[in-house]
Amino acid sequence: MKKLIIINGPNINLLGKRETNIYGDLSFTEFFDSISNKYPNIELEHYQSNIEGELIDKIQEVGYSYDGIILNAAAYTHTSIGIGDAVKAIETPVIEVHISNTFSREEFRHKSYISSNAKGVILGFGLQSYELAIQSFL
C-alpha cells in the first residue's frame, strides 16, 4: 500500500470560506474525506500549517519514509528558499500542486522555489489538482 501525504501551506485551512471565486466553496477536510474514500488502497494523510518552519519540519520528517509528498506550499511557494531546499534535500518525490493557475494571477506568483526540485507540477485544476497528483504516484 502506497503511503502519501498532502502538505498544505498558509491559508489552505480557509478553503470554502476564502475567495471562493478562486478556490471554491468546499473545505479541504470535505475534499480530503472524498478522496480518501475514493482511494482506499492508499494510506493517505494530510497536514496543514501557516508556519514556514513547521512545513519544513514535516517535509524532513516524512521525506525518507513516504512514497510521495503532494505539496501545496501556497504563498510560500513564491518566497521560501527554505522549503525549496527541504524538497531538494529529501529522497521522497514531491509533486507541487496549486489550486489556481498561478500564471494567470499576479506576477509574483509566477516564480516557484519548489518547482526545480519537484518531480512535477500540477496547477489550475481546482481541488482536482490534488487528485491528479495522487494518480501520478499510482
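Does Glu-131 count as buried or exposed, and at what relative accessibility? At 11% relative accessibility, Glu-131 counts as buried, where buried means under 20% relative accessible area, exposed over 50% and partly exposed in between, with a 1.4 Å probe and protein chains only.

The model is a predicted one, in which local features need pLDDT of at least 70 and side-chain atom pairs count only at pLDDT 80 or more, while totals for chains, interfaces and linings use all residues. Residues are numbered from 1 along each chain as its sequence is written, and side-chain values use heavy atoms, with hydrogens and water left out.

Glu-131 forms a salt bridge with Lys-38, the closest N and O atoms being 2.5 Å apart; the term stands for a side-chain nitrogen of Lys or Arg within 4 Å of a carboxyl oxygen of Asp or Glu. This pair links distant parts of the chain, since Lys-38 belongs to helix α2 (residues 28-38) and Glu-131 to helix α5 (residues 128-136), 93 residues apart. Helices (H or I, at least four residues) and strands (E, at least two) are DSSP runs, numbered from the N terminus. Lys-38 is exposed, with a relative accessible area of 52%.

In the whole structure, a search finds three salt bridges. Another of them joins the side chains of Lys-3 and Glu-43 (3.9 Å, N to O). Lys-3 lies in strand β1 (residues 2-8) and Glu-43 in strand β2 (residues 42-48), so this pair ties together parts that are 40 residues apart in sequence. Lys-3 is partly exposed at 24% relative accessibility, and Glu-43 is partly exposed with a relative accessible area of 34%.

Within helix α3 (residues 52-62), Glu-61 and Lys-58 lie three residues apart, about one turn of the helix, and their side chains meet in a salt bridge (3.2 Å, N to O). Glu-61 is exposed at 53%, whereas Lys-58 is buried at 16%.
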